[in-house]
Amino acid sequence: MREEVVIPDTGNIWDDIDALIENAERITFNSLGRQTVATIISSALSSSGFAQIYSEKYLRSRREAFAVVIERAKARNEVGADLDANLVFDVMSGMMLYGLAFPPASESWSAYVRRAVEAIIILCPIKYF
């Protein structure tokens, strides 16, 4: 299941985000992908050691790749300079998992995830306190 990290570079943040979502959909939306996700979540919930190793060996490289996408978008002034790439990655990952477990009824999984990412990127620069 593990594939090399691909860092899209389309020249546009939304095309890059779409490429990331499409890649996740391709990997996850099959019986092996769903089984693997279920096993990972179950194992991480029951073993903090597994969660830490998984985070270091698998998620870190994806988080770093996503940060590159956000930094490029910052350089192109497509997003605010203070946008937190880790927060966006966590929201995107969370919505991907939630949408996998509870598929949206009124739109595709990829549209649902994209809409969540748009919301966090657009709202993130707002300071509430």
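Arg-115 is partly exposed at 47% relative accessibility (buried is under 20% relative accessible area, exposed over 50% and partly exposed in between, with a 1.4 Å probe and protein chains only). Arg-115 forms a salt bridge with Glu-107, their closest N and O atoms lying 2.5 Å apart; the term denotes a side-chain nitrogen of Lys or Arg within 4 Å of a carboxyl oxygen of Asp or Glu. Glu-107 is partly exposed too, at 22%.

The model is predicted, with local features needing pLDDT of at least 70 and side-chain atom pairs counting only at pLDDT 80 or more, while totals for chains, interfaces and linings use all residues. Residues are numbered from 1 along each chain as its sequence is written, and side-chain values use heavy atoms, leaving out hydrogens and water.

The structure holds eight salt bridges. One of them joins Arg-114 to Asp-18, with 2.7 Å between the closest N and O atoms. Because Arg-114 lies in helix 5 (residues 109-123) and Asp-18 in helix 1, this pair ties together parts 96 residues apart in sequence; helices are DSSP runs (H or I) of at least four residues, numbered from the N terminus. Arg-114 is buried at 18% relative accessibility, whereas Asp-18 is partly exposed at 22%.

A further salt bridge brings together the side chains of Arg-76 and Glu-78 at 2.8 Å, N to O. Both ends are partly exposed, Arg-76 at 29% and Glu-78 at 28%.

Ser-48 and Gly-80 are 32 residues apart in sequence and 34 Å apart in space, C-alpha to C-alpha.

Key. Helices (H or I, at least four residues) and strands (E, at least two) are DSSP runs, numbered from the N terminus.
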